[in-house]
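Colleague: I'm new to this one. Please walk me through the terms as we go.

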Amino acid sequence: MASYTISEINSILKGELIGATSQKIEGPEEIQKANSSQITFIGSNKYVKFWQDSKACAALINYDLNIAPGDNRAFLKVKNVDLAMAKILELFNPKAPVFDTDIHPTAVIHETAKIGAGCKIGPNCYVGKHVELGSEVLLYPNVCVFDETSIGNNTIVWSGTVIRERCIIGSHCIFHTNVSIGADGFGYRPSEDGKGLVKIPQIGNVIIGNHVEIGANSCVDRAKFSATIIGDGCKIDNLVQIAHNSIMGRSCIMAGHSGLAGSVTLGDGVIIGGSASIKDHTTIHSGAKVGAGSGVIADVEAGKTVLGYPAQDARDMLKQWVAIRRFIKN
């Protein structure tokens, strides 16, 4: 097990060291759960009250906090606790599962597929006709990549993921367990005789940029025509639905259980809170934020924060809630 002195950790973080501890640090933990060989973090005054009873030997704290560490305990003052903790987590991050062989004998790879240098393909994977894998691509066991799909360098695809035909995936992406890329978009119309539904063919594909991460059990549907597009640097949580012909700009965030209906457009840096729903054919412009549980039924201006159902300016929505609460109490 790796361990570090507080000085070694500070040489990485380059913070301000306050106090001292002789205890070797063996990992990070929450302030109320940490033991004497662990480092914790205090990001705001809300958590200062827990420090006295915490068993942690050290803590990362924001520069604006003025508390003393105590005997044989140390603080590292940093500008941003969350980013500093990310570096600590990297130090103690366990290695990913190791492949015994680069390409497992049970993997089925079509003879026309092009496999880049350093790729690793686990047991029971399927790689279809004319698939192209860049260098250092990792397909963990039970991944399916269907015909004419391309995957860029250093992309990691975890078990159970299915990438359908003709999709284009960028480099340095991570798809977690059971992600679905390129399933049919949800398109039906009433039949002429009114006795059933007619399925609308979905002949487009999915295009995903570089450095995109998609959480477990999330779905990105193929377009009816053209492409469903996920821009560079987007981060998508578990159980997220992205419907056909939606377009996400760069570095967007979608939290768990949120969803985009068909043909939604997100600008750059849009943040969608958990369980929020976005109506079809709406546009959320760059830098806008949608609060958790909200329902967006109209376009959202750049940089605006909306909340509620139907979603509206967050400040107006909060004022309405306060007024309703006062009315009920009276």
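Colleague: Which residue in β24 is the bridge partner of Asn205?

Modeller: Ala227 in β24. Before we go on, this is a predicted model: local features need pLDDT of at least 70, side-chain atom pairs count only at pLDDT 80 or more, and totals for chains, interfaces and linings use all residues. Residues are numbered from 1 along each chain as its sequence is written, while side-chain values use heavy atoms, with hydrogens and water left out.

Colleague: What makes β21 and β24 a pair?

Modeller: Two strands pair if DSSP finds at least two bridges between them. Strands β21 (residues 205–208) and β24 (residues 227–230) share four bridges and run parallel, so they pass that test. On β21 there is also β16 (residues 168–169), joined by two bridges, again parallel. There, Ile168 has Ile207 as its bridge partner.

Colleague: How many helices and strands does the chain have, and what counts as one?

Modeller: Three helices and 37 strands. Both are DSSP runs numbered from the N terminus: a helix is H or I over at least four residues, a strand is E over at least two. The C-alpha atoms fill a box of roughly 80 × 70 × 30 Å along the principal axes.

Colleague: Which strands are at the edges of the sheet of eleven strands, and what makes them edge strands?

Modeller: The open sheet runs β8-β11-β14-β17-β22-β25-β28-β31-β34-β36-β37, with mixed pairing. Its edge strands are β8 (120–121) and β37 (312–313), and each pairs on one side only. For β8, the partner is β11 (residues 138–139), parallel over two bridges. Ile121 stands opposite Leu139 there.

Colleague: What is the strand order in the five-stranded sheet, and why do β1 and β2 stand at the edges?

Modeller: The order is β1-β5-β4-β3-β2, an open sheet with mixed pairing. Each of β1 and β2 has a single partner strand, so one side of each has no neighbour in the sheet. At one end, β1 and β5 run antiparallel over four bridges, with Gly19 partnered by Ala74. At the other, β2 (residues 27–28) and β3 are parallel over two bridges, and Gly27 is the bridge partner of Gln38. Strand β3 also pairs in parallel with β4 (residues 58–62) over four bridges, where Ile39 faces Ala58.

Colleague: Why is β3 called mostly covered?

Modeller: Four of the five residues in β3 (residues 38–42) are buried. Buried means under 20% relative accessible area, exposed means over 50%, and partly exposed is in between, using a 1.4 Å probe and protein chains only. Across the 330 residues of the chain, 41% count as buried.

Colleague: Which residues of α1 are buried, and how do you know that they share a side?

Modeller: In α1 (residues 6–13), the buried ones are Ile6, Ile9, Asn10 and Leu13. They cover an arc of only 100° around the axis, so they sit on the same side of α1. That arc is taken from the directions from the helix axis to the C-beta atoms. Their cover includes β1 (16–19), β3, β4, β5 (74–78) and α2 (81–91).

Colleague: Why is Gly196 called partly exposed?

Modeller: Gly196 has a relative accessible area of 31%, so it is partly exposed. Gly196 lies in the loop between β19 (188–190) and β20 (197–199). Leaving aside neighbours within four places in sequence, Gly196 is in contact (heavy atoms within 4.5 Å) with Arg189, Pro190 and Ser191.

Colleague: What is the volume of the largest pocket, and what makes something a pocket?

Modeller: About 230 Å³. On a 1 Å grid over the protein atoms alone, a pocket is an open set of points with protein on both sides within 12 Å along at least five of seven lines; in a cavity, a 1.4 Å probe fits but cannot get out. Points are joined across faces, edges and corners, and the volume is the space filled by probe spheres set on them.

Colleague: Which residues lie nearest the centre of that pocket?

Modeller: Phe186, Arg189, Lys224, His244 and His281, out of 14 lining residues, where lining means having an atom within 4 Å of a point. The lining divides into four nonpolar, seven polar and three charged. Ala, Val, Leu, Ile, Met, Phe, Trp, Tyr, Cys and Pro count as nonpolar, Asp, Glu, Lys and Arg as charged, and the others, Gly among them, as polar.
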